[in-house]
Every structure is written in C-alpha cells, then in structure tokens.
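Have the view open as you read.

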Amino acid sequence: MSNTDKPDTNLTGNASADNPADLAGAYALNALNADETAEYERYLARSEQARIEAAELSDTAVALGLAVAPVQPSSALKANLMAQIASTPQLAPLAAPATPTTVDPARPVETAATTDAPAAVTPIGTTTPSGPAATAGDAPAATPSSASAPGALPSAGSGSAGSASERAQRRWFQRPAGYLVAAAAAVAIFAGGTFTGQALFGGSADQSAKQAASLAEINAAADSQRASTETAGGQEATLVWSGELGLSAIIVEDLPALGDDEDYQLWYIGEGGPVAAGTFDSDGSGTVWRVLDGTMSAGDAVGVTVEPAGGSDQPTSDPIVAIQS
Amino acid sequence: MAFGELYDQIAPRVLGLVKRVLIDHAQSEEVTQEIFLEIWQTASRYESQRGGASTWIMTMAHRRAIDRIRSSQAGRDRDTKIGIRDLAVPYDHVAETVEVKIEHERVEKAMSRLTELQRQAVSLSYFSGFSHREVADHLHIPLGTVKTRLRDGLIRLRDELGVAS
C-alpha cells in the first residue's frame, strides 16, 4: 500500500454479496450493525485466519483508544459504582470454555450490564442530579446465591417458637459470635472489591457524600471483605468491612420502611457488648446501605435492631439481622 | 488487584475514550459506570482471554459507547454537537501525561501513514462512532469502498504499530 489512495476496487456498495473478509475493518471498529456483525462472526467461526486478523485489528483499534487523552471521572462516579457493585453478584466462570468462535472477549457478555434502566443507588438524603448510574438491573436476581456468604443467620419466626435458633438469637447480644458463621469473600480476579448502595439516613448531602466516600474506601481497601446473610424478614443483608481501616458498612435489599417513631439502629458487638453505631431508615425498596459510625475491632459482629426514633443506648429488641465479620 | 485500584488506574482512559465518542460528559460518565459494572460482573470470565486487562476493557469501552449512540436519543443529541467540530481530526485533546503523550504520538505517526481517505474513514468510525453505512453516506462513497478503506487502513495501522498476535 502506498500513501496515495489506491483505486477502490469495490464500487457496488452491495454488502452481503461481497467477500465477508471485507468486513474485518468495520468489525474491529464496531461499525457494523447487529446483522452484519452476526454475519461476520459466522465467517469468523469458519476461518482461523480471519480470527487472527480480527484479533489483531481489534488490538489495533485499542491502540487508537489508548491514545485518547484521559478524562478524570467525578468522585461521585466511583462512589456510585462501588455502592452498586456491592449488591451485584459476579457471574460464575464459564464451566466450559466456549469454542473459539469469537476472538473478542468483550462480545460474548453483551447481556450483562447494558440495561438502560435508571438506578436506585443514590444515598437517601441527597438530591439526585438526574441520576445516571445504571442499575445492575436484572443481573443480580439471576444468581442470588453466588455472592451470598454461607453464614445464614437463623431467622426469627421460622420454625416453632422457642426453637434453638430463636433462643440463640435472643442471646445475640451476650454471645455475638457464638453461632454466627463468618464468611469469606470469594471474589474472582479482584482481591477486594465489594459494595452497594442506595438509601442511608436522613442526613445532609454532605453527610451522604462522606458516607459514599467511606464506602468506596472500604471497598478499595486491600483487606476488604464481605459476608452475606438474610434478615429475619428474608431480605439479603451484606456486611463489607476493612480491618485495616476499622470501618464497615451494611447493605440490605428491600428493607421495609419503618414508621416515623422508629429507626433501624446499627451495633458493633464485641467482647464489651453492643456499641451503638448509628441509625438509618429505608424507603422500603431497593438497596439501603450505611457505613457504621465508630471503629470496628477485629472479630466484631454487626447487628441491626429496630429502635425508637433516634436510637437507644442499648438494644431494646431482637436483631433483625446479625453478621459476623 | 482490588477492583478499586483497577478502577483508579483505567477509569480515566475509559472515560476519555467514551467521551471522545459520545461528546456529552454526563452520558459518558453514565456509560463508564455501566462498563465498570460489567467488568465487575464478568471478571471471572476474563482470565483466559488474550491481551491484557486493559485491552479487554478498552475494547468493551468502545463497544458500549457505540451501543449508546446507536440505541437512543444519545445519538441524535450527539449529532447536534458533533456538527460543530472538525470530524476529520482524530485528536483534539492535549495529552496530559508522558505515557499518553508517547502513545498519542506513536498513533498519530501511524495514522499519518494512511491515505487521507483511509484516515478519514477510520476516524469517522472509531472516534466519531459512525457505522460504515454512515461513513458511506457522509463521504458520498459506496459502502464497499468504505469497507475496503477501513480494512486496509487498520491493516496499515497494525503494521505501523507492530500489533501482532
């Protein structure tokens, strides 16, 4: 090829009658529509040589992308993302590697996160500026157990009154760690990521921003871990924490809203008994999260009780959930 | 590497590319968040793929930016904005870091080895997000010609940049 434009050999403009190999460039540049893409991928499946070319041209396109000047994202983007992933399970590895009909790693996962649905990941108490943040949408529901830790707390109300699990739950404050099962995070290629988030407490926007920053910090910590269980009402609850930071946050799905005279209250439960760690409320749907006040000590469990509005000095009711860190 | 670290390292690259294509900043952040959510969800399926994580991520980033253009009002909003800038110029940012500057110069040099028509077609597709049919309409040339230019142009770039399997 010279630097002068060579005569164009194909003047018909007639797409599918042509050699499918001609689509290699347009494919690598994402310049094909869905039908054309499918047509080209059928061709790729048949031709090793075409797969090599497609891979090389795709990498060439990446070089163009890497030459674009970076743009620093807003801090809100990271906080929203970190909150969002807390409630988004990671997909399991594919059991059997797909046959190499596609050379493009980004293409086979089209279904995952392309929903345009608006997200419910904004902390309560902040005004939502035309909330972008696509939610995980339907993805999380698909694999509910894959990201759940095995340490399910026996739920109150199940089984007969006075069952061992209920008795155990009543003793929760005295014996925080006795029956709670710690769960390790099983996170694929990322050692530490985690967390979710929508609602909080009725704080100011400033408080919410601080909460979001703390949550991002916990998620980003090298020793970030998570454990999940169910609340007494069957909602999924997740604790994320970093021992290094001494911080933790709880995330609950679809936690029922309380009346004005009640709040949810968080507790750190260690050897010295429960220590109040802040209150919050829920609007009844979506993901609620709250970074706990105070400092977490190694081995602390985290519990949530329903308390009179404003919170109590000591728990006055059974926990709706407790999670061992 | 923790997910947060990965994000810190590559999010500016992702947003830079997405914004280059979409123009609109708010939409670009939105798409960037979707991309990282997808990375999070599908990370376990990444492992055996060729190329580094950044290749995987940037490939996905470009595709999601294009998806956004093709799927919504975003495309029409963008058309309005894009009309006021020079379509043929592939870069309009000043590179901020040494690393990016070097890559930028390398790519710019490689781009200079294309014919003007190849460069135009590649730029319109990759940076402006035109489909090959839109490139054909825009340049008033047959689709087959566009296909040839895109393929020959990328092959030339591949050779200039030393990209090989």
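A salt bridge here is a side-chain nitrogen of Lys or Arg within 4 Å of a carboxyl oxygen of Asp or Glu. Side chains of opposite charge can pair when their charged atoms come close. This is a predicted model, in which local features need pLDDT of at least 70 and side-chain atom pairs count only at pLDDT 80 or more, while totals for chains, interfaces and linings use all residues. Residues are numbered from 1 along each chain as its sequence is written, chains are lettered from A in the order in which they are written, and side-chain values use heavy atoms, without hydrogens and water.

Over all chains there are 15 salt bridges. Start with B:Arg156 and B:Glu160, whose closest N and O atoms are 3.4 Å apart. Both sit in helix α8 (residues 143-161) of chain B, and because they are four residues apart, about one helical turn separates them. Helices are DSSP runs (H or I, at least four residues), numbered from the N terminus. B:Arg156 is buried at 12% relative accessible area, whereas B:Glu160 is partly exposed at 33% (buried means under 20%, exposed over 50%, partly exposed in between, with a 1.4 Å probe and protein chains only).

Now move to chain A, where A:Arg51 pairs with A:Glu48 at 2.9 Å between the closest N and O atoms. These two are three residues apart in helix α3 (residues 48-66), so about one helical turn lies between them.

Finally, look between the chains. A:Lys78 and B:Asp8 form a salt bridge of 2.8 Å, N to O, which crosses from helix α4 of chain A to helix α1 of chain B.
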